[in-house]
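Hi there,

Here is the structure I promised to pass along. Please have a look at it, and then read on for what turned up.

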Amino acid sequence: MVFKKRPDGRGFEDLREMDAKVGVIKRADGSAWFKIGDTEAYAAVYGPRNLFPKFMQDPRKAILRCHYNMLPFSGSGDRIRPGGNRRSKEISFVTKQALLPVLDLSKYPNAVVDVFIELPQTDAGSRCAGITAAAMALADAGLPMKDLVSSVAVGRVDDKILADLCYDEEAYEDGPVADIPLAFLPGSQKITLLQMDGEITKEMIMDSLELGKKVLTKIHAVQIKALKDKFGDGKDD
Amino acid sequence: MINELRTHVIETLEKGTRFDGRKSDQVRDVSVETGVTKNAEGSARVKIGDTEVIAGVKLSIEKPYPDSPDNGNLMVNVELLPLSSPEFDTGPPGIKAIELARVVDRGIRESKAIDTKKLCVEKGEKVWTISIDIISINDAGNLFDAAALAALASIKDAVFPKVSKSGEIDYKELTKDKLPLAKEPIEVTVWKIGEHFIVDPTPDEEKVADARLTIASLSDKELCALQKGGEEPLSIEEIGKMLDVGLSKAGEYRSKL
Amino acid sequence: MSELKTNDKDVVVPGEILATGMEFLPSYGTYREGDKIFASRLGLFNLDGKVLKIIPLSGKYIPKKGDTIVGQVTEILMSGWRVEIGTAYSAVLGLRDASNDFINKGADLTHYFNIGDLIVTKIVNVTTQFLIDISMKGPGLRRLRGGRLIKVDSYKVPRIIGKQGSMVSMIKQATDCRIVVGQNGSAWLSGEPAMELLAEKVIRKIEKEAHISGLTDRIKTFLEKETKKKIELRSDSNGI
């Protein structure tokens, strides 16, 4: 059977509706909220700040710590037991790897920059939403960054390459599926997050990456607007 | 460490005001929004000033406790997320979160707000469990009252999911049946700083407070839970005064539901 | 061919292209890659002749030698005090720099500064690893009694103080508060409660509108309206 229509009627290359806001958590040094379809992520940055225990300190630069967590009521089925698990630990780790390349942490020896990502609601693409929100939060915190990081999941369902899979598409059972979370640096279009699970050919992967590159500009545009909106247009009066 | 701050807070209270210009019994703007997160069976977002919390209700079917075979269960969990304040760490709930959860829990449980007999599906075998998770998004003081209000609002918002003939819950299909909420307990925490009693503290005020008293009530005449916190003792007279303040403020929170 | 891609005073985000061509020079908050210059901070684009830089709109304070800051004593050490200044790095006040009096080794250090004390102090040295030495010897450096601290964005401090203290002077005239604004973003206010609140309100307004032109006049008008006093533009030592 051939995959003809997406459950929500979107075009194959269309992203779900997005929304973003920066500076949503006043106590944090930087923060952002990002929503794509029904997946919603908060990100807060604290730092550079003091790091305990001392043995974790790096005298050459600040370390980056990322903590990704899905809230107990965020999943579409049972309650998620709080406390994280191997999956969330791995996602925290790849999130860190996705953000690290743009940051210049050498200016803050021995310190730590903490990034906390919490999701109140998920419908696939949660780690990507988290990274997208985290990049805005890091910029909001005034950290030196070469570029933002924009993240989206692309994938393969049956014979089609799709952008921004929703949960029902990831769970498709009538044919092969591959889910590919990606993160890009918009300027150089280089990839800092790449994971894939499922069944796919090399050609389809390359097509997926090209599609990812194409749609990331839409995510990037949402991030830029949210960051600039926080400060108004600077030319009032 | 906090002596200078405490002196200044008290000096300001002596002059009849607080750092942000409020009176001692004045609460910041309160807003309650329900249905804020899709996958929960019920949810609410409460803002008190800049403090923001979200509560979500998840329902499941479990075996009842052996000593109450026809009663459903209630569970309240609080996570003080490190996202919401530099004072909170990652890891399992610390004592602050645990105390908060248990105080919110007692307000609901002891008031018999939820008729747990109506949660029974099959005596001795299957009962509904209501799990309420309250998380902090931004801590600008007074998480106690915000959490309790959010918990209640989320229960009011919640509906049962459909259960198939074979007993499987279909979370994607919600019924229109609300939870059996018989009463609506409101919690107000009154804080003592020197000789003064305030409600809805900011983080600075919480830091310098001597003691606090959380009061859960259904009305002026029906109290259902109390919790004293803080390191300083309270006289009986002081407790009387704090009860008066707490009961008089409950209506203000109640009107936001 | 060199070309500017953005306008002076525009808000720019990290990675945004500011200019192309080799004619322009990348300065603070910008970097060059090939023939393009990019922003490396969230902030306001500033063009000064051919020099491109970013005026940050957020970010933690970076301790600098010579800065006057407001800190809080958190620890009594063997021969000095540890002082928190709102950054990842704490400062140390040594015995020799604490007072014009000679302090004996073995003296009770709490006699001079105790845990919790707020002080106006000067940074005399910062190492590459951000070990910070401060001194209390200098005009205006002292323990602050009473009042309260508010946190402000360290990058907005110059605007809150104003040229030669003109902005902070207006706030003091209007509120009769004693005010010290530390370069580290800790500002100390002391006065009547309603006036402390007004001072805080004005400082938040300055923080929010720092990048919008005409700030000084706007604040002057705002203060005159709030207090019904006539405010003059004059210089001020910022309480130091």
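**What chain C looks like**

Chain C has a secondary structure of five helices and 17 strands. Please keep in mind that this is a predicted model. The C-alpha trace of chain C spans about 70 × 50 × 20 Å along its principal axes. Of the 240 residues in chain C, 44% are buried. Among the contacts in chain C with a separation of 6 or more, 57% are between residues 24 or more positions apart.

**A helix pair in chain C**

The crossing of α3(C) past α4(C) is right-handed.

Which residues meet there, in α3(C) and α4(C)? From α3(C) come M167(C), I171(C) and T175(C), and they meet M195(C), L198(C), A199(C), V202(C) and I206(C) of α4(C). Sorted by class, this contact has seven nonpolar residues, one polar and no charged ones.

**Where chains A and B touch**

This contact involves 23 residues from chain A and 29 residues from chain B. On the chain B side, β3 (51-62), β4 (73-79), β6 (126-138) and β8 (169-178) each supply at least two residues. The largest share of that side, five residues, comes from β6(B). By class, the chain B side divides into 11 nonpolar, 11 polar and seven charged residues.

Best wishes

Methods:
Residues numbered from 1 in each chain as written. Chains lettered and ligands numbered in written order. Predicted model: local features only at pLDDT ≥ 70, side-chain atom pairs only at ≥ 80, totals over all residues. Contact = placed C-beta atoms within 7 Å. Helix = DSSP H or I, 4+ residues; strand = E, 2+ residues; numbered from the N terminus. Nonpolar A, V, L, I, M, F, W, Y, C, P; charged D, E, K, R; others polar. Left-handed = near helix turned anticlockwise from the far one by under 90°. Buried ≥ 20, exposed ≤ 12 C-beta atoms within 10 Å, placed from the backbone.
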